[in-house]
Every structure is written in C-alpha cells, then in structure tokens.
Amino acid sequence: MERISVFDIFKIGIGPSSSHTMGPWKAALDFINSLQHQNLIDRVEKIQVELFGSLAKTGMGHGTDLAVILGLAGHHPESIPVDWVQKIYTEVQNSHQLNLANSKNISFNPETDILFHKDQSLPAHANGMTIRAFLVDENSISETYYSIGGGFIIKEGNKEFEEVRHMPYPIDTAEDIRKWCNSMQISIAQLVLQNELSLQNKDQIYAGILKIWKVMKDCIYQSCLKSGELPGGLKVQRRAKKLADNLLKDGMPANPDLFIQKIQTNPTDFKSTLNWLSCFALAVNEENASFGRIVTAPTNGAAGVIPAVLMYHICFNQNKGDEDIVRFLLTAGEIGSLFKKGATISAAMGGCQAEIGVSSAMAAAGLTEVMGGSFEQCMMAAEIAMEHHLGMTCDPIGGLVQVPCIERNTMGAIKAVTAAQIAMESDPTKALVSLDAVIKTMKETAFDMNHKYKETADGGLALHIPVNIVEC
Ligand code: SF4
C-alpha cells in the first residue's frame, strides 16, 4: 500500500478546494512540466481543458478554472503571492492571452477553452479532467488526470506514489499502529517520526512542520483583520473578525504571536473559549473561501478544524510550544492517511464525512496526544470524532465552499475537542467500536451515499436554498 508522509497530508496552498482547486492546479503544473521535458512548449498553439463529473458541476464555484489557468501559467500554489491569484486570472479573462509555463504567450479564452461537461463523467473517478495541447504541426498531446481528494492527483495509467518509499514501520491500519506502538512502547507521534526520518532528517522534519503551523497561524490572524463579504455572489459575511474584536475588546495586536499572547493572558470562561474555537475555525475557512493561503488539512473545505484545535491547545491548555505542535501534527497526519488508505478523503467519493469528519478525527487524535493520552486513547478519540460524522453529506450552496462548509469547521473542531476529552477519561480497551471499524463503516457509507450528496450541489441545502449568483 501507499506510504504516505505527513507532508503529503498537510500541503500549503490556495483555497477554496483541495479536490477542485489544488488538484486541478497540480494537474496543470504536471502537464506543463511534461511539455517542458519534451521541449514542446514552443510548439504549443492552443490548450484545451475538459472537466468532467463533480469538477464540472461545482468547478466554477470552487475556482477550478482559476486553478487551471494559474497552473498552466507555471505558478505554484505554495509560493504564489496571494494577491497575484485574482489578478492573473482576471488578466487572462480580459486579454484572452495566457503566458504558458511562464515562457510563451498563447491565445486562451477561459470561456471556450475550459469546457465544463456537467452531464459527463469519466469512469475512474468523479473528479476527472483532460488537458490537451495542440501543436503547430497539427499534432496534439493530451493527459487525463483524476483529482482524488486532499489535493492528491493520479494521471491516467499511473498509480499514486510511483516513487517507492521505504518506511521502517509500515502503517496501513489502526491495528498496525497498535502493533508498532505496543512493541516499541512509543507514542503515535514517535512512531510517525521514525517513519518520516526515512525521508529526511529531524531538523528538516521539525522545520517543515513548524512552517505548516506558521501558515495556519498567519491564516487565522490575517483573517481576523478582515471584514465584509466573501466573493462568489452568496453575500456571505465574514464573522471571525467580529468574534475576535468582541473577545479582545481593545483591538487586534500587531502580529500573530502577540495575538496568541493576548488570548493566553485574557481572562477566559467556557463561553469565550468556545467562541475563540469558533473564531479560529471560521477565520481559516473565510480565508479559504476568498482564495487565501491555507494548509490543506486534509482538504481545503475542512482546512479550519485542525488549526482551530491546535490553536485552542496553544492558547488554553498547558503546552510545550513547538514540541506539542510537532507531536500534534505528526499524530493528526497519520490518522488522515489511515482514512485516505482505508476509505477516502474526497467529498466527491464520500460526502462531507470524508472532509470534516476526517479532519475532526485527525484533530481529536492530535489533541489527545498533546494532552498526554496514550496511543490507544488517541485512536479512540479519532474513532469517536468520526463516529459522529458518519453519513454527513456534501451539499455546498451554489457550489461554493461557504455554506454549510465554513460553519461546519466549527462543528468539526468542537467535536474533536469533546472526543479528545471523552477519550482522556475513558479506558480504550473497553471501547466497543475500533478506529478500523469506523474507517470501514465510513467507506461503506460513502459507497451507499446518493451521488447528489457528493460535491455535486444537486441535493440537500444546495437544492433547497435558492441562489441568484450574478456571474461576473
Ligand atoms: S459541504 Fe463539506 S465536503 Fe462539501 S464542500 Fe463543504 S466542507 Fe467540503
């Protein structure tokens, strides 16, 4: 089975969707890289992109067209300045010119060169896309990609993770975690660190994880400075700033670290702690909805749960700073990869249980780890959090990652905290449902779920709330 690193699960990128924005973006980058390797860029006259299934149905609201354009232009989601995102997209829309691979201008009209086949699906996965380059000598070259959730892509004919990774302690199931942790008497975080050490050294691992946390922390802080309407036409208002302003009373501090210090030193009660947890989750997903910089965790729609719960721990629990951040994210990442291997992290395959449910399970395990829980309690917390998301459908109104998505992150966060607290007070050897059992149940529920509830915006709230989005 695949050997997934924590850095495959947590990826720095741009909102609003891992499967509909990050995946297609990576596919477009892969396509131009392949053209570059074959020295074909100079011979390209025209590019056409075809989107199928869920990518076609909700791709417009999820920024798939924007992602494809930025990828074809050679920009990387991790490094592109956030204020370039809309600028480049608008320039291409207005000029009908695309700077392919940042090296050759070609004519490109998004309205006619990106085709949304809403009534067609490719057989292998609900999120399929084909990119075709027409060359000067009348030949063409094409590739088909599947965006399989969490920003992961597969090229038709290839398998995931073709590079062979050797990890000393292979983990495919929760039972594997139990076996390794038991035999070595170590925590999940220590086990995952041993596997990560087969890919890079400890300093690199710590630096990489702390960089991920910095993006999460900056994202929360930046969002708490912004008010007004989110883009897309639903007229959804940002709320994180209002919550933060009400809680802080005398304004936002000058940077994210002072922000944390101020929260830590402010008097708290249950209500304000709860409001902070909601504020952190709302903040990330408001940034996500406005094409901001976020960390896919394990998807973009669910990107707020893990930062919110980790920020909650940093602000309100006794903690060991960087060491806890690393342990939290190593543990959470491994739980995410269990769901990816044993079920799915794609809403187009499994509905919202695969996004918010998985992120909540990840956060619950991470929080239990840093609160001093055993590896059994971490897995119990993950199981509890997922158990109470089973069957959750995906029905984004207007195909935008806003309603119910943004608030749903607050619910995933509070369930994660509750699940961790319950696990800390429980004897996991007496638990009736194992983590492996809930992963299997989630997979079967995903198969049984009507396709209307799998990121198509054809059912649920998306069907019953009339929207009148003015295309601009
Ligand atoms: S409803 Fe859930 S799965 Fe669907 S787009 Fe929103 S957050 Fe993602």
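Predicted model: local features only at pLDDT ≥ 70, side-chain atom pairs only at ≥ 80, totals over all residues.

Me: How many helices and strands are in the protein?

Reply: There are 20 helices and nine strands. The radius of gyration is 22 Å, close to the 23 Å that the globule rule gives for 472 residues, so the protein is as compact as a globular protein of that length.

Me: And what does the C-alpha trace span along its principal axes?

Reply: About 70 × 50 × 45 Å.

Me: How much of the protein counts as buried?

Reply: Of the 472 residues, 53% do.

Me: Ok, switching topic. Which domains is the protein divided into?

Reply: Domain 1 covers 16–155 and domain 2 covers 174–464. Their centres, taken over C-alpha atoms, are separated by 29 Å.

Me: How many residues of each domain are in contact with the other one?

Reply: On the domain 1 side it's 22 residues, and they are in contact with 28 residues of domain 2.

Me: Which elements supply that side of domain 1?

Reply: Helix H2 (18–37), helix H3 (53–58), helix H5 (82–95) and strand S7 (140–149) each give at least two residues to the side that touches domain 2. The largest share, four residues, comes from H2.

Me: What classes do the residues on that side of domain 1 divide into?

Reply: Seven are nonpolar, 14 are polar and one is charged.

Me: Now the inside. Which residues touch the most other members of the largest nonpolar core?

Reply: That core has 109 residues, and the ones touching the most other members are Phe 280, Val 309, Leu 329, Ala 364, Ala 381, Ala 382 and Ala 416. Apart from that core lies another one, of 40 residues, with Phe 52, Leu 55, Val 85 and Tyr 145 among them.

Me: Back to Ala 381: what is it in contact with, leaving aside neighbours within four places in sequence?

Reply: Ala 381 is in contact with Ala 364, Ala 365, Thr 368, Ala 419, Ala 420 and Ala 423.

How values were computed. Residues numbered from 1 in each chain as written. Core = buried A, V, L, I, M, F, W, Y, C linked by C-beta atoms within 7 Å. Buried ≥ 20, exposed ≤ 12 C-beta atoms within 10 Å, placed from the backbone. Contact = placed C-beta atoms within 7 Å. Rg over C-alpha atoms; globule rule 2.2 N^0.38 Å. Domains from an automatic or database assignment. Nonpolar A, V, L, I, M, F, W, Y, C, P; charged D, E, K, R; others polar.
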